[in-house]
Every structure is written in structure tokens, then in C-alpha cells.
Amino acid sequence: MSIKDPLQILETDALTGLRSLSDKSVEVALTSPPFYLLRRYGTTSAWPDGWEGELGHESHPNQFVRHLLDVFDQVWRVLKDDGCLWVNL
């Protein structure tokens with residue numbers, strides 16, 4: 001069996017990129033989320049709670065953790081049943 005494009009690199013913020021993928025279409029997800037208030041990458045997202053901004057620059061750490069969970073909800077959706085997620089935090 002031949003796999004057409006086994007590797008896909010998405011150059012966007014995590015939430016937008018994950019939303020563009022089909023359910024159960026990913027074998028492995030690897031991420032190193034930004035630390036809270038440490039770096040700016042120049043990407044903003046519209047978050048499910050209505051906040052617009054860059055992950056890691058929320059007004060409170062609790063909101064940052066909720067946004068990480070929003071991202072991981074999308075990762076869970078796109079991972080195949082036997083897929084795996086690697087997180088460096």
C-alpha cells in the first residue's frame with residue numbers, strides 16, 4: 001500500500017490547523033505549547049470562550065489551561081484510534 005503524503009506540516013496556529021483536519025486522520029501529534037507569558041509567535045486565534053489572542057498570553061493562567069484543553073480536544077478528534085500524542089510542556 002502506498003501513502004500519498006505521509007507527512008503534513010501545518011504553518012498556522014494549533015487551533016486553526018487542527019480544525020482543518022478530518023476526524024481520525026492523524027497517526028501522531030507532537031507539540032510543545034508556549035509557556036505562559038514567555039514567548040510571542042505572532043499568531044492569534046478566536047477561542048471557543050470568545051477570547052481572541054495568542055495562546056500563552058491570556059489574562060489568567062486558568063484561561064491558558066482551558067485553551068490548552070481546547071487544543072487537546074481537537075487533537076483527540078483528529079487522532080486515529082491507535083494514534084498517539086507527544087506533549088513537551
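**Salt bridges and a buried histidine**

Reply: The side chains of Asp-81 and Lys-24 form a salt bridge, 2.8 Å from N to O. This is a predicted model.

Me: Where do Asp-81 and Lys-24 lie?

Reply: Asp-81 is in strand β4, residues 79-87, and Lys-24 is in the loop between α1 (14-19) and β1 (26-31), so the pair ties together parts 57 residues apart in sequence.

Me: Is Asp-81 buried or exposed?

Reply: Exposed, at 70% relative accessibility. Lys-24 is partly exposed, at 47%.

Me: How many salt bridges are there in the whole structure?

Reply: A search finds four. One of them joins the side chains of Lys-80 and Glu-27, at 3.0 Å from N to O. Lys-80 sits in strand β4 and Glu-27 in strand β1, so this pair ties together parts 53 residues apart in sequence.

Me: How exposed is Lys-80?

Reply: Lys-80 is partly exposed, with a relative accessible area of 30%. Glu-27 is partly exposed too, at 42%.

Me: What about Glu-54, which residue does its side chain meet in a salt bridge?

Reply: Arg-40, at 3.4 Å from N to O. Glu-54 is in the loop between β3 (52-53) and α2, while Arg-40 is in the loop between β1 and β2 (45-46), 14 residues apart.

Me: Glu-54: buried or exposed?

Reply: Buried, at 6% relative accessibility; the cut-off is under 20%. Arg-40 is exposed, at 62%.

Me: New topic. Where does His-67 lie?

Reply: In helix α2, residues 61-78. His-67 counts as buried, at 0% relative accessibility.

Me: And what does His-67 touch?

Reply: Leaving out residues up to four places away in sequence, His-67 touches Trp-47, Asp-49, Trp-51, Leu-55 and Glu-58.

How values were computed
Residues are numbered from 1 along each chain as its sequence is written. This is a predicted model: local features need pLDDT of at least 70, side-chain atom pairs count only at pLDDT 80 or more; totals for chains, interfaces and linings use all residues. Side-chain values use heavy atoms; hydrogens and water are left out. Helices (H or I, at least four residues) and strands (E, at least two) are DSSP runs, numbered from the N terminus. Buried means under 20% relative accessible area, exposed over 50%, partly exposed in between (1.4 Å probe, protein chains only). Contact means heavy atoms within 4.5 Å.
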